[in-house]
Amino acid sequence: MVVDVDLEGTGHIERISMRRITALDAPMHHGIDGIYRNMNPPPDFIIVESKYLGAEEAVNESFVPTMSKVKNGRQMDFKWIEKNLKSSISDKELLYEINQSLTNNRVVSVAAKIDNKGNITYYKLDTDGKILLDDISNSPIIYNIDKE
């Protein structure tokens, strides 16, 4: 919910995926947490996996979320995203458009770290579902979502 408010608050990013979480006690679901259209591309679309920091991680502000391993790879890797798109997007034309953008490297996948105060940090992911690291500092690359 926090990510939806943050991204849609930019004025140029619109949630297009189904299964929007509307209550804190809503049942969890498996698959992609959110797919958003960027009205000011590039990228054309942003695919988000949200991770909430529990009390133990909140003590360590430098904690960086990791994607869970799945049967054939990792959550948010290219194959996992392709496999889960159909359950997130019901419109066939939109699904085709997202797949074309994926093929043309016009989709960004990010992990949204939400701390216990509701602050969000977006980390850019590579095609293996791993957080990208800066070549020089070896620090995680924070994805800056333009708010203007």
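## Contacts along the chain

Among contacts (heavy atoms within 4.5 Å) between residues at least 6 apart in sequence, 53% join residues at least 24 apart. The model is predicted: local features need pLDDT of at least 70, side-chain atom pairs count only at pLDDT 80 or more, and totals for chains, interfaces and linings use all residues. Residues are numbered from 1 along each chain as its sequence is written, and side-chain values use heavy atoms, with hydrogens and water left out.

## Helices and strands

The chain contains four helices and seven strands. These elements are DSSP runs numbered from the N terminus, where helices are H or I with at least four residues and strands are E with at least two. In sequence order the pattern reads α-β-β-β-α-β-β-α-α-β-β.

## Burial and surface

The chain has 148 residues, of which 41% count as buried. Buried means under 20% relative accessible area, exposed means over 50%, and partly exposed lies in between (1.4 Å probe, protein chains only).

## Backbone features

The loop between β2 (34–38) and β3 (45–52) holds Pro42, and Pro43 also lies between β2 and β3. A cis peptide bond joins Pro41 and Pro42, with omega about 0°. The bond from Pro42 to Pro43 is cis as well, with omega near -10°.

Met76, in the loop between β5 (73–74) and α3 (78–85), is a residue other than glycine with a positive phi, near 75°. Met76 is buried, at 1% relative accessibility. Asn138, in the segment after β7 (120–124), is not a glycine either and has a positive phi of about 65°. Asn138 is exposed, with a relative accessible area of 53%.
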